[in-house]
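Hi,

Here is the structure I promised to pass on. Please open it first, then read my notes below.

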Amino acid sequence: MRIALLTGGGDCPGLNAVIRAVVRKGEGVHGHRFVGFRHGWRGAMQGELIDLTFDNTRGLLQRGGTILGTSRTNPLKSDDGLEQVRRTMERENVDALIAIGGEDTLGVAHQLAGLGVKVVGVPKTIDNDLSATDFTFGFMTAVQTATDAIDRLHTTAESHDRVIVCEVMGRHAGWIAAYSGLAGGADVILVPEVPFDIDEVCERLRNRHRRGSAFSIVVVAEGAVPKEGTLTLQTGETDEFGHVRLGGVSSLVQREIEARTGFEARVTVLGHVLRGGTPSAYDRVLATRFGIEAVDAVHDGDTDVMVAQEGSRIVRVPLAEGVGQLKTVDPGLLDIAAVFG
Ligand code: F6P
């Protein structure tokens with residue numbers, strides 16, 4: 001078989017490890033050949049592709065980003081986008097596609113499968129918010145990077161008697177905020193799932209300061225929102241999948257804390273630092289297991305499925321499950337965090 005791979009949406013540590021695993025087993029064990037579409041669906045639509053071989057996918061395990069490049073191009077935005085992908089595959093004699101991406105990429109993959117194209121998905125999101133899988137690779141790396149940053153913010157916040165507001169990624173779900181906030185000992189964690197009341201946040205900080213701590217750490221997910229009617233958040237441009245460019249909630253929180261409590265406050269936005277760099281050991285293993293299962297699924301003739309982590313096992317589930325509801329933060333985690341706030 002000739003099998004294509006693509007990486008779509010935001011990048012994350014571990015994408016290259018998936019590509020390496022797919023090619024290593026697919027070529028070395030099953031005897032298939034591989035190509036990679038450049039820049040996600042854009043390359044698939046425009047026929048921009050490169051050969052992927054055992055040799056040119058060596059040394060990728062620890063490399064961040066994606067050697068294929070990625071984009072947020074959405075084939076469903078143009079009338080014949082899916083048809084263009086199908087035509088590219090036909091012209092290039094590609095028998096099946098492995099699409100590595102989040103809800104948007106996998107949603108397109110599911111539609112393509114509906115047209116009879118053989119497609120297997122690999123779930124990817126730094127935000128860890130895909131419901132069909134317990135974890136996605138890249139997430140634990142982001143949590144570790146954020147935790148390291150929070151540890152550093154602690155010492156400077158303490159030296160200066162400041163409140164430091166640290167913004168992390170998490171558009172619809174606050175998994176990175178919840179995990180890194182817990183791991184880093186944050187005093188307040190704000191997530192998109194629970195609109196925050198700035199008065200309550202300030203009161204918690206005052207209480208803490210009354211109990212003798214003269215500094216605090218607040219971790220905010222970029223998608224956190226104030227309770228309706230309390231504060232106004234500015235919104236930015238949208239991408240082809242209709243997502244607003246986020247960033248800014250932490251400045252709002254910092255300004256309000258300073259104005260309402262009189263505590264000196266600063267902001268640190270971690271943003272794309274969390275998506276860059278080398279994957280953690282856990283993520284290298286998860287990405288490798290996903291890649292192996294995905295290429296085995298293609299080899300077995302499966303289609304319209306994605307690989308997923310269920311407990312400690314890697315399984316195959318219908319793609320439709322992956323693109324359904326988002327997986328929001330377990331409220332139990334936030335209850336635990338509140339004990340330490
Ligand atoms: O969807 C994953 C994500 O990392 C979000 O947390 C973030 O809002 C978004 O991507 C950033 O996208 P971009 O890199 O296109 O600015």
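Start with strands β5 (residues 118-123) and β10 (residues 305-310): they run parallel and are joined by two bridges. Strands count as paired if DSSP finds at least two bridges between them. Within this pair, Val120 faces Val305 of β10. In general, strands of a sheet pair through backbone hydrogen bonds, either parallel or antiparallel.

A word on the source. This is a predicted model, where local features need pLDDT of at least 70, side-chain atom pairs count only at pLDDT 80 or more, and totals for chains, interfaces and linings use all residues. Residues are numbered from 1 along each chain as its sequence is written, and side-chain values use heavy atoms, with hydrogens and water left out. Helices (H or I, at least four residues) and strands (E, at least two) are DSSP runs, numbered from the N terminus.

Now the whole sheet. It is open, has seven strands and shows mixed pairing, in the order β3-β2-β1-β4-β5-β10-β11. β3 and β11 (313-318) each have a single partner strand, so one side of each lacks a neighbour in the sheet. From one strand to the next, the twist averages 30°. Helix α4 (residues 103-114) packs on the sheet and touches β1 (2-7), β4 (96-101), β5 and β10. The direction of α4 makes about 160° with that of β4. Such angles run from 0 to 180 degrees between N-to-C directions; axes are lines fitted to C-alpha atoms, for helices over the stretch in contact. Contact means heavy atoms within 4.5 Å.

Next, Asn16. Where does Asn16 sit? The residue is in helix α1 (residues 15-28). Asn16 has a relative accessible area of 0%, so Asn16 is buried. (Buried means under 20% relative accessible area, exposed over 50%, partly exposed in between, with a 1.4 Å probe and protein chains only.) A polar atom of the Asn16 side chain lies 3.0 Å from the backbone oxygen of Gly64. For the backbone oxygen of Gly65, the distance to a polar atom of that side chain is 3.3 Å.

Leu76 is in the loop between β3 (49-52) and α3 (81-91). At 40% relative accessibility, Leu76 is partly exposed. Beyond its neighbours within four places in sequence, Leu76 contacts Leu82, Val108 and Gln111. Leu76 and Gln111 are 35 residues apart in sequence, yet their C-alpha atoms are 9.3 Å apart.

Last, α9. Its buried residues include Leu286, Phe290 and Val298. Just after α9, Gly301 takes a positive phi of about 90°.

Best wishes

Technical notes: A polar contact is a pair of N or O atoms within 3.5 Å; within protein, one must be able to donate a hydrogen and the other to accept it, and residues adjacent in sequence count only if both atoms are side-chain atoms.
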